[in-house]
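Good morning, and thank you for coming.

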Amino acid sequence: KSNFLNGAIMKILYIFSIIFVLACTSCNSWLEVTPQDTVDEDQLFATGDGYRNVLNGIYKQMATSSMYGQELSWGMLDVMGQLYQTRGFHSSSAYYKLATGYNYEDQYVKPIIQTIWSQAYNSIANCNSILSKIDATDSSLFRSRNHEKMLIKGEALALRAFLHFDMLRLFAPAPVANDSKAYIPYFTIYPSTFEPDRSIKEVLERVIKDLEEAKNLVAPHDTLDWRMMLTDGHRIDYGRGAKEANQDLFFKYRGFHLNYLAICAQLARVYNYMGELDATYYQKSYDMAEHVITFELDPGGYYPNLVFTSYYYTDENKKRYEEVLFCLSNQKLMEDYASLTTGTSSTVFYLQNSLFDDNGDIRLTNMVKTSGNYQVCTKNIAPDGEIGDYQNCQDMLPMIRLSELYYIQAEHLCRQGDIAGAVQKIDVVRRARNCQTGSYGEMSKRIKDLDTFKKEIIKEALRDFMQEGQAFFYYKRLGVSPKDGVQAANLVFPKPDNETIH
């Protein structure tokens with residue numbers, strides 16, 4: 001997997017050195033030269049492997065520390081989601097400024113936001129470079145012919161939608177604002193230097209269109225020909241190598257790509273976001289979540305559907321990779337985390353007090369350790385002694401989990417007035433986390449209506465997506481302030497001054 005995911009990021013640039021030849025040639029002779037450190041677009045897409053390299057490069061860029069490798073997961077977003085106590089941050093640091101005042105104009109904060117914008121839109125441009133060429137490319141150039149061609153096109157569309165959606169969630173208000181203002185551009189053409197900003201609804205409509213098309217494109221590979229590659233034994237687990245599995249490295253570890261199940265789960269997430277603008281989408285989000293939850297991965301097998309990681313198997317498997325539908329890989333994740341959290345000027349990610357409500361919760365017992373009078377999450381910290389099964393998830397950046405689908409369904413049921421049904425959906429996850437449920441749990445006592453549901457589901461998100469960056473989006477979408485004095489406007493990133501897309 002590491003060789004596959006560590007392929008070089010191919011920069012899609014038109015760079016030509018034009019040399020005017022004076023001697024022994026006519027005066028209008030020009031020589032086109034491709035520099036050694038760049039790749040001409042025609043050369044890049046001359047083979048199917050070129051498409052593979054560009055696609056791999058997009059995933060790799062997304063996993064860097066300036067994006068989901070840190071800032072859009074355990075770093076900036078979880079700081080803003082108030083997962084941590086500010087006492088672990090230096091008062092002059094970007095994280096302190098974000099946690100205490102959401103100060104986006106701070107000299108240390110501003111560059112972080114600018115980089116997120118430029119890196120995301122650079123990745124989108126690379127998606128569009130694939131899409132601009134692939135339809136006209138002969139299927140025979142791909143090792144697996146049209147089968148592979150459609151899969152790559154589907155993933156490129158899904159990635160374009162995934163990135164635009166997160167840019168919308170960051171740089172625009174939540175749909176509850178329900179205004180017609182334009183916030184971010186949606187790029188579909190390559191090359192393109194300008195697209196008009198679009199409204200929240202317009203962007204969501206384009207995201208949904210791309211995801212629905214992507215779902216249909218990847219379905220033949222993931223649901224018909226190689227359905228077994230979506231089982232947890234092949235989707236994520238590094239240790240399996242059954243002879244009947246696809247031995248081409250590009251098609252292994254589908255959990256590290258936007259596979260069919262991940263695209264469907266992302267659609268459920270986006271439908272849920274669209275629900276505030278069109279209530280019919282809440283039902284669509286519920287139904288799409290149900291499609292993923294009940295999807296038969298291995299008909300007749302011991303685990304035919306997606307399963308949660310057994311709570312007695314999380315002491316080393318801290319990221320619970322069996323239930324991860326989509327993730328990224330950053331081989332430097334542990335190194336980056338350690339470099340920030342150790343040393344004399346270290347940042348300490350102390351978890352907020354009272355984060356957990358059940359002492360038996362495996363997210364507390366197996367994923368948190370005591371540091372003095374405080375607690376820290378150990379998802380990105382190797383176990384003491386033998387590393388064991390942790391080696392299977394140490395580089396993993398979970399992006400979509402099975403639990404989110406149950407939270408989506410619980411929200412829909414609550415909006416329908418079915419409080420008991422909503423609690424039952426949450427309890428499916430809590431039972432998997434070794435927490436008290438049902439009449440023995442406190443959830444049914446605390447949830448009385450939609451407002452109380454929102455507060456409780458955010459607490460669940462903080463626990464289940466700890467150091468994965470999702471809690472911030474729950475606060476923002478549901479209109480709940482993550483901290484006293486913080487208004488909805490404080491949760492909208494300002495666009496970079498120059499809006500440059502490199």
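This is a predicted model: local features need pLDDT of at least 70, side-chain atom pairs count only at pLDDT 80 or more; totals for chains, interfaces and linings use all residues.

I begin with helix α11, residues 280-293, and helix α14, residues 402-415, which pack at an angle of about 145° with their axes 9 Å apart. Helices here are DSSP runs of H or I with at least four residues, numbered from the N terminus. Axes are lines fitted to C-alpha atoms over the stretch in contact, and angles run from 0 to 180 degrees between N-to-C directions. The α11 and α14 crossing is left-handed, meaning that the near helix is turned anticlockwise from the far one by less than a right angle.

Residues are numbered from 1 along each chain as its sequence is written, and side-chain values use heavy atoms, with hydrogens and water left out.

The second pair is helix α7, residues 145-171, and helix α8, residues 200-225, packed at about 150° with axes 8 Å apart. α7 and α8 are therefore roughly antiparallel, a term for angles over 145 degrees. Their crossing, too, is left-handed.

Finally, confidence: pLDDT, the predictor's confidence in each residue from 0 to 100, averages 89 over the chain, and 90% of the residues score at least 70. Over residues 1-37 pLDDT stays under 50.

Key: Helices (H or I, at least four residues) and strands (E, at least two) are DSSP runs, numbered from the N terminus. Angles under 35 degrees count as roughly parallel, over 145 as roughly antiparallel, 65 to 115 as roughly perpendicular and the rest as oblique. Contact means heavy atoms within 4.5 Å.
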